[in-house]
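Please read this briefing beside the model.

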Amino acid sequence: MEGVQPEGVGDKYSLIVPTYNERLNIALLVYLVFKHLRDVDFEIIIVDDGSPDGTQDVVKQLQQVYGDDRILLRARPRKLGLGTAYAHGLKHASGNFVVIMDADLSHHPKYLPSFIKKQQETGASIVTGTRYVKGGGVHGWTLMRKLTSRGANVLAQTFLWPGVSDLTGSFRLYRKSVLEDLISSCVSKGYVFQMEMIVRASRKGYHIEEVPITFVDRVFGSSKLGGSEIIEYLKGLAYLLVTT
Ligand SMILES: Nc1nc2c(ncn2[C@@H]2O[C@H](COP(=O)(O)OP(=O)(O)OP(=O)(O)O)[C@@H](O)[C@H]2O)c(=O)[nH]1
Ligand SMILES: [Mg+2]
């Protein structure tokens, strides 16, 4: 029988986690998600792009432990980029809410309950983790990397004026229908993608809320942020400036 359910009852969360060479991080991430999301209906969708380090073997072991209805492996044959990885994961999501998070433990699962709580309290369509309000921050970054991130954010704030304090972060919860809409209207790839998503969401008038998070540097593996990403970012910023 159809009936009105109290807020929060019947909600299911699909966590989309793109991976490329995250063999050393993925088991810990999954463990922490299960630890922090008790009494919540969720699934973890791992979109692995043929990682040569054997990430998928670890994921298959995790499926033995937690069940392949809780841990879904949706692999692609080769490294096809982050933007399309989210879209790919989304096609397999059965929840009415989707969380996007990195596998490298920069996005700590201990914050997941605060995303869910904030959504339930406010009815928001998007809850985004922010490093740039009281209670948020970054850990383990060099001064140079901090300045780059902060500078990128200030630049984007100044030009795009989205009303959200952290544009380049990617730890977010979305209503599934809203994520589908945003993904279909975003064109950029790579690092600009997160910024385009939230700027378009703001322009479209979606209700966005923020929760403070502390972002820690990736636990294992090496960073890929270099000069070319900064150039790409600036190009993306210019593009958003003229198209949104
Ligand atoms: N499926 C898939 N996942 C990717 C790809 N590129 C990166 N990832 C994953 O996306 C998440 C974010 O990528 P990161 O390399 O951590 O990017 P970042 O956080 O900006 O930079 P660092 O942590 O400093 O390396 C991680 O879980 C990666 O494993 C890709 O092409 N395909
Ligand atoms: Mg990372």
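Helix α5 spans residues 143-160 and helix α8 spans residues 227-243. In this predicted model, their axes come within 10 Å and cross at roughly 10°. Angles under 35 degrees count as roughly parallel, so α5 is roughly parallel to α8.

**The α5 and α8 contact**

- On the α5 side, the contact is made by Thr148, Ala152, Leu155, Ala156, Phe159 and Leu160.
- On the α8 side, Ile230, Tyr233, Leu237, Leu240 and Leu241 take part.
- By class, 10 of the residues in the contact of α5 with α8 are nonpolar.
- Another 1 is polar, and no charged residue takes part in the contact of α5 with α8.

**The α7 and α8 contact**

- Helix α8 also packs with helix α7, which covers residues 192-203.
- The axes of α7 and α8 are 9 Å apart, at an angle of about 20°.
- That angle makes α7 roughly parallel to α8.
- The crossing of α7 past α8 is right-handed.
- From α7, the contact draws on Val192, Met195, Glu196 and Val199.
- From α8, it draws on Glu232, Tyr233, Gly236 and Leu240.
- The contact of α7 with α8 has 5 nonpolar residues, 1 polar residue and 2 charged residues.
- Tyr233 of α8 is listed in the contact with α5, and Tyr233 is listed in the contact with α7 as well.

**The α3 and α6 contact**

- Helix α3 runs over residues 82-91, and helix α6 over residues 176-185.
- Their axes come within 11 Å and cross at roughly 145°.
- The crossing of α3 and α6 is left-handed.
- Tyr86, Ala87 and Leu90 make the contact from α3.
- Leu179, Glu180 and Ile183 make the contact from α6.
- The contact of α3 with α6 counts 5 nonpolar residues, no polar ones and 1 charged residue.

**The annotated stretch**

- An unreviewed UniProt entry carries the annotation "domain: Glycosyltransferase 2-like" for residues 14-182.
- Over residues 14-182, the chain is 43% helix and 20% strand.
- The end C-alpha atoms of residues 14-182 are 17 Å apart.

- Is Gly236 buried or exposed? Gly236 counts as buried, because it has 20 C-beta neighbours inside 10 Å.
- Gly236 is found in helix α8.
- Beyond its neighbours within four places in sequence, Gly236 is in contact with Ser188, Val192, Met195 and Glu196.
- Gly236 and Gln157 are 79 residues apart in sequence, and their C-alpha atoms are 14 Å apart in space.
- Thr55 lies in helix α2, which covers residues 55-66.
- Thr55 has 25 C-beta neighbours inside 10 Å, so it counts as buried.
- Leaving aside neighbours within four places in sequence, Thr55 is in contact with Thr19, Asn21, Glu22, Arg23, Ile26 and Asp48.
- Thr55 and Thr148 are 93 residues apart in sequence and 30 Å apart in space, C-alpha to C-alpha.

- Where is Arg70 found? Arg70 is in the loop between α2 and β3, the strand at 71-73.
- Arg70 is partly exposed, because 16 other C-beta atoms lie within 10 Å.
- Glu43 and Ile44 are in contact with Arg70, leaving aside its neighbours within four places in sequence.
- Arg70 and Phe42 are 28 residues apart in sequence and 7.0 Å apart in space, C-alpha to C-alpha.
- Asn21 sits in the loop between β1 (12-19) and α1 (23-36).
- The phi of Asn21 is near 55°, a positive value in a residue other than glycine.
- With 19 other C-beta atoms within 10 Å, Asn21 is partly exposed.
- Asp39 has its place in the loop between α1 and β2 (41-48).
- The phi of Asp39 is near 60°, also a positive value in a residue other than glycine.
- Asp39 is exposed, with 5 other C-beta atoms within 10 Å.

Conventions: Residues numbered from 1 in each chain as written. Chains lettered and ligands numbered in written order. Predicted model: local features only at pLDDT ≥ 70, side-chain atom pairs only at ≥ 80, totals over all residues. Axes fitted to C-alpha atoms, helices over the stretch in contact; angles between N-to-C directions. Helix = DSSP H or I, 4+ residues; strand = E, 2+ residues; numbered from the N terminus. Left-handed = near helix turned anticlockwise from the far one by under 90°. Contact = placed C-beta atoms within 7 Å. Nonpolar A, V, L, I, M, F, W, Y, C, P; charged D, E, K, R; others polar. Parallel < 35°, antiparallel > 145°, perpendicular 65-115°, else oblique. UniProt positions renumbered as here; feature names shortened; annotations may be inferred. Buried ≥ 20, exposed ≤ 12 C-beta atoms within 10 Å, placed from the backbone.
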